[in-house]
Amino acid sequence: MPRKARIDIPGLLQHVIVRGIERRDIFLDDSDRAMFVDRLSSLLIETGTDCFAWAMLTNHFHLLLRCRRVSLSRFMRRLLTGYAINFNHRHCRSGHLFQNRYKSIICEEDAYLLELIRYIHLNPLRARLVPDLAGLDLYPWCGHAVLYGKEILPGQVIDDVLLLFGESLLSARRKYREFVADGLGHGSRPELVGGGLQRSRKASGQEEIACFDDRILGSSEFVESLQNDPNIRAISPPKESLLELREIVSNLFVVEPESILCRARKNSVSEARAVLCHIAIRLIGIAGTEVGSYLSMGPSAVSRAARRGELILKSNPAMKERLNNSLNH
């Protein structure tokens, strides 16, 4: 069955879950984690995106976001592509790092904001990455420590969340921690993951939701209002953008973006095509057939071009550094 189009409308609360391909680890050490957190923080500030909660585990992570100026797909593409390229460079690997499709769930904010913050922030404790709540208070790879005042993440929403627990900062943090502690016995909470709310009600014998959607966590009225929104129908599952890579590479080689699409005798265009092949196939993991179709090249020509692109970057460290800076922004 084909997957439904994403609901990607600015201003909506979204719970995002990203897993490593084949559930492999995506954070191997604290340097990886710090690199990811720095990138997340920079993007939150640059794009004006609200982050209410986040948690990094070994092979996946959770984010609770409200995008304002950019779409969620644009935000996630920049976050994941930049991190994957740097991870692959750092650990001498190639190919996809993440599952091809991350999970995003639209959430009814008034009803579920606090429940989702607690659910996400308890993930490291449920995964036994920390021994107890006191350990979670100091765990640097989760938004709980930021809300509790033990860590800092520029871009994370703090004041608006704590105000829900009281106007005094110390009192609000104490009540927030008590709220998190109250959730220790709640288990995995499948009802907080999209259509899980409907499945949970069926299992417990509760009244079914009249209108539900696996992409949405909320009341029947909330689900129906989104299903009737004409903006949803235009959203399709995002994929790695060869168009964006073409723009980056064309700027690097100072050639017209359109010229990269066609074979050319001009050396700068030929080199640009080769570097694009290398980035797309070896670093990001886009299929060679897809790259070949985009550049009107056969499979063997794409492979040769990718090898050439790697050699071009190895022989020109300054160009490689400029490229990395462009990919990271």
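Two residues are in contact, or touch, when they have heavy atoms within 4.5 Å of each other. With that idea in hand, let's tour this chain. This is a predicted model, in which local features need pLDDT of at least 70, side-chain atom pairs count only at pLDDT 80 or more, and totals for chains, interfaces and linings use all residues. Residues are numbered from 1 along each chain as its sequence is written, and side-chain values use heavy atoms, with hydrogens and water left out.

**The chain as a whole**

- The chain has 15 helices and five strands; helices (H or I, at least four residues) and strands (E, at least two) are DSSP runs, numbered from the N terminus.
- Of its 329 residues, 50% count as buried. Buried means under 20% relative accessible area, exposed means over 50%, and partly exposed is in between, with a 1.4 Å probe and protein chains only.
- The accessible surface of the chain comes to about 16000 Å², and 50% of that belongs to carbon and sulfur atoms. Such areas come from the Shrake-Rupley method with a 1.4 Å probe, and for residues only the protein chains shown count as cover.
- Among contacts in the chain with a separation of 6 or more, 66% are accounted for by residues 24 or more positions apart.

**The nonpolar cores**

- A nonpolar core is a set of buried Ala, Val, Leu, Ile, Met, Phe, Trp, Tyr and Cys residues joined through side-chain atoms within 4.5 Å.
- The largest core has 62 residues, and F61, F75 and M76 are the ones that touch the most other members. Helix α2 (residues 72-90) gives the most to this core, with eight residues.
- Leaving aside residues up to four places away in sequence, M76 touches V16, V18, F61, L63, L65, T81 and Y102.
- Apart from this core lies another, of 30 residues, including L252, I260, A280 and L313.

**H60 in strand β3**

- H60 is found in strand β3, which covers residues 60-66. H60 counts as buried because its relative accessibility is 10%.
- The side chain of H60 makes a polar contact with the side chain of N59, at 2.9 Å. A polar contact is a pair of N or O atoms within 3.5 Å; within protein, one must be able to donate a hydrogen and the other to accept it, and residues adjacent in sequence count only if both atoms are side-chain atoms.
- Not counting residues up to four places away in sequence, H60 touches I17, V18, R19, I26, F27 and N123.

**Helix α13 and what follows**

- In α13 (288-295), the residues V291, G292 and L295 are buried. They cover an arc of only 100 degrees around the axis, so they are on the same side of α13. The arc is that of the directions from the helix axis to the C-beta atoms.
- The buried residues of α13 pack against α11 (242-253), α12 (267-284) and α14. The face turned away from the buried side carries the exposed residues T289 and S293.
- α13 is followed by S296, whose phi is positive, near 55 degrees, although S296 is not a glycine. S296 is exposed because its relative accessible area is 58%.

- V180 lies in helix α8, and V180 counts as buried because its relative accessibility is 0%. V180 and L133 are 47 residues apart along the chain, with their C-alpha atoms separated by 8.7 Å.
- Setting aside residues up to four places away in sequence, V180 touches R118, L122, L133 and H144.
- G183 sits in the loop between α8 (169-182) and α9 (196-204). G183 is buried, with a relative accessible area of 5%.
- G183 and E115 are 68 residues apart in sequence and 8.8 Å apart in space, C-alpha to C-alpha. With residues up to four places away in sequence left out, G183 touches R118 and L122.

**Cysteines**

- How many disulfides are there? With a disulfide taken as a pair of cysteine sulfur atoms within 2.5 Å, the count comes to zero.
- C107 is buried at 2% relative accessibility, and C142 is buried at 0%.
- C92 is found in the loop between α2 and β4 (103-107), and C92 is exposed, with a relative accessible area of 73%. Phi of C92 is near 55 degrees, a positive value in a residue other than glycine.
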